[in-house]
Amino acid sequence: MVAEQLIEDIRSSRPGVEVKEVPYEQRGYWFDLSTGPEDIEEVARLFDRHGYYIEDVCCVDFKEYLQLVYHFNHWDDPRRISVRVNLSAEDPVAPSISNVYEGAGWHEREIHEFFGVHFENHPNLSYLFLHEGIDFYPLRKEKVPVPEEKKRLLSSLPVSESDDVFFVNMGPQHPSTHGVLRLILKMNGEYIERAEPVLGYLHRMQEKMAENRTYLKYLPNASRLDYVGAMSYNLCYVRAMERLCGIEVPPRAEYVRVIAVELNRIASHLLWLGTYLLDLGAFTPFLYAFDDREQILDLLEGITGSRLTYCYCRFGGLYNDVDEDFVEGVKAFLKRMWKRFKIYNDLVTGNVIFIHRTRDIGVIPKEVARRYGVTGPNLRASGVSYDLRKAEPYGAYRELGVEVAVGEKGDALDRYLVRLQEMENSLRVIERAIKELPDGPYRTEVKKLKPPEGDVYFAVEGPRGEVGIYIVSDGSTTPYRLKWRSPSFSNLTCFPEISKGVLIADAVSILGSLDLVIPEMDR
Amino acid sequence: MRALRKAFGDDVVKIGFGLVGAGFVALLVLLLLGLLGMKVWKLFAPYGREAIRALVGLVGVLGFVLFNALLLVWAERKVAGHMQRRIGPKEVGPYGLLQSIADSLKLLGKEILTPRFVDRPLYYLAPIIVFIPVLVAFVVIPFDARLQVRDINVGIVLILAFSSLNVIAILLAGWSSVNKYSLIGGIRSVSQNIAYEIPLLLSLLPVILLAGSLSMKEIVEAQSKAWFVFYQPIAFIIYFICAVAETNRTPFDLPEAESELVAGFHTEYSGMRFAMFFLAEFTNVFIVSAIATTFFLGGYKGPVLPGIIWFFIKSYVLVFIIMWFRWTFPRVRFDQLLNFSWKFLIPLALANLIVTGWCLKL
Amino acid sequence: MIEKPKEVIKGAWSLILGMAVTIKAFFSPVVTCQYPRETLRISPRFRGHIKLVEDEETGRPKCIACGVCARSCPSESIKEVEGEKREGEKRKSVTKFILDFTTCSQCGICVEICPTGAITFSADYNLAGFSREDFYFDLVEEFYRWKEKRVESR
């Protein structure tokens, strides 16, 4: 298989790299490679040659040394591989792999400003989230000041001599960017020459907050990361801890979790549908989508008590049990929702104006998606059938199974169709789960959460893509390092590439079709 | 009074109110004199009854324009609400009927900002110019067989000629507000208007050929046997699409697209000046529906009810359809919009004209 | 767009289908609820602010002022929990329970972790105030006020 071939190649070309096999059930990844900073670029090239995609780049501050952790995964052989690089704490320097995997560029910028790691050969190592002029590295364990020469300004695009070139700010306050995202567009007449997103307007330092709170106290924070698809984040965090501590979850809880997550997925896609069409100028589908979304939110309020940010999944099961009202409500909702798709298909999908606005707009080729780490419906629209619920099944998906919607070309129309199809597939999963809902306890009692030392990675399929969490625990009651892998962040990295030479109206359409939610990007 | 002066310290409003006020005062004086017994109409004797008729007609038209704008603002919000499964305005007045008045009071009371570096004469002129074609068009629209302010024998040419002033007004508005977004919006609107005026003309020509005259009244009279929509369905559809594009309504409302260019050419206008653009747009909607009714749907002809009621029914049905379009369709991208006009509508309209001419010759 | 006639007809038909959807919605009943003249039913699990639960035997709150909830709140919203020991009882009885609702995130950790089950969620959503201090609830006062009036507080 691909992983074994890759490891053979690595062993033959760079014998200094240590390779260890790791139990997947406890750690979340299959192989653990340790290498020195001089070998990492060659290792990344080997990964690229074998068709791996970059999942996440993370840095952990063990006080004597810093450790960079790269996670790679493959569409056909979904066995995650971790690569670790140890750097010295006084002067951390590492070569950048953004020449191989462009998607790692932004991750490295983030590590640079939070930890002070300098990446050589990086095309643009400037501040991503924090403001320029900050004088210490926030995520380090001790307060390490920033040397003067490293305080750089945000990159400013050079002014060109041509008359027609000017800069347009799709500023932080704009009806179309879903949240506070700033795009600096270098325009040539009506066409975009270069688009540069500026992030950080919604940065709340969630990862540092995690280091100061116990595992239980961090639960409400997880949902606030992406408030539109909050159930997936809740589930991801809880399951990561259950994997780390080895807690068993009763089947009834697993089934209810699946139902709740799929309902949340439909709600998130409906919100996306409404706002995307609002960007394109159609005002009514927004309200129809919210009408459907209300039904879902009422259902979820009946069991969890919240409508938007849920704190429902707990370590070992659920917060409370579901009752008959919920089951009846879900069945009524299913019956109603199947009929509503006709409205969306009539009003939007076949509409000739809509098709002309979205066909062949913002095509993401498979290679681009792989090197930038694009996941979720964006990836599936480009023709890659990769869904974490099928590739790495977790929870009740092992018994229920899920149908995967795949597109063809990767343009905005395909992304729209894939998400509509995903809504229908979610309805089918919910039908099966409601029919086979087992009886039994809804929670295993967890008296004291005792996480062993070590690290764990867990990924779920959120509405926007792969939601991943990487927890490093040192045996105490607070996490040592917690890193979220947010899908919108990786999805947006490909935007400068796919928006070269498009009109502004098309840029709005592409941004909408990527389904970004800024809070999870900025964390 | 001071509050009124503070709110109305603006030229447009001064001129407008001044004229209307003077007109009303003059009418009151005449009424008074007439009641006192003086034979007031002898004043107008040299000009004949036509003059009185024109004056009364103009005042009536002005009143109708304002009333129509208020009605359409309320109707748009109600229609939008019901199409979106919600009620529109309902608090102000029964069924929200007084909502338009509340909106106009709000607009009147807004601070009228003039940005510092605008081109002053053009900036002040634009809202006034945008209202001129609207008022002129009402002069020749036949509300009933004898309810037309003035039946000019080249009626439709008058309307089309003055509607090009619309283009100038938008260009002035976009240019004089020194703002990247307004300029882009203004330029887009100009090219859109010009592109869609040609098929508009070309789709009205077959009807003129069929009726044999350019006067609006004669065109309505020529539809005594059957409405022209049955003879010229393609021309009706082309005319309707061009009408929606001329009035900058969705799906062709790119110049005012909120999600792309904030607000297009009227970004820098606030308060009463913005209200003028707004009013002009709604009245334009009514005018194009009125022209469509006159040309294709038989104008004021109908069996039982008086002509003017039929005219209003037909016009307002078309206005409802224009609103229906707005709340159903997404926006057309700009180059697709221009492509659609130049490469599709114009050849189709030309072909229709040629076929009509050929059929008439035979 | 120079298109063949069939595409034009298909495009026009799609537009008409879309218009049929909106006109059908135009004549359908509204789905909105005219708040505040009508109100919706709140589910019993709704997470409003927390309130103290009554102990049937004594008629007082069940809370024994142990302070576990205050220690486990992620946002430190429970400010002061004080109690006094009454005659002939083994545990304390609460006299003051200050909740700062402005920072509460309705996670339910306090409800879960209370050893006597003395906290539960209320269904109070009509909260409005003029200053931050309006949301510093003293839950013991609220408890007795509710007992007197038999209505939900505020």
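A:Y276 counts as buried because its relative accessibility is 1%, where buried means under 20% relative accessible area, exposed over 50% and partly exposed in between (1.4 Å probe, protein chains only). This is a predicted model, in which local features need pLDDT of at least 70, side-chain atom pairs count only at pLDDT 80 or more, and totals for chains, interfaces and linings use all residues. Residues are numbered from 1 along each chain as its sequence is written, chains are lettered from A and ligands numbered from 1 in the order in which they are written, and side-chain values use heavy atoms, leaving out hydrogens and water.

**Aromatic pairs**
- Over all chains, the structure holds 53 aromatic pairs; rings of Phe, Tyr and Trp (its six-membered ring) pair if their centres lie within 6.5 Å, and planes under 30 degrees apart count as stacked, over 60 as edge-to-face and the rest as tilted.
- A:W272 and A:Y276 are a stacked pair, because their ring centres are 5.3 Å apart and their planes lie at 15°.
- A:W272 counts as buried, at 4% relative accessibility.
- In chain B, B:F325 and B:F329 form a tilted pair, with 5.6 Å centre to centre and 45° between the planes.
- Both B:F325 and B:F329 are buried.
- B:F64, B:F138, B:F143, B:F286, B:F311, B:F312 and B:Y316 are linked by ring pairs into a cluster.

**Charges over rings**
- The charged end of A:K141 sits over the ring of A:Y480, 4.0 Å from its centre; this requires NZ of Lys or CZ of Arg within 6 Å of the ring centre and within 35 degrees of the ring normal.
- The ring of A:W30 has the charged end of A:R79 over it, 5.9 Å from the ring centre.
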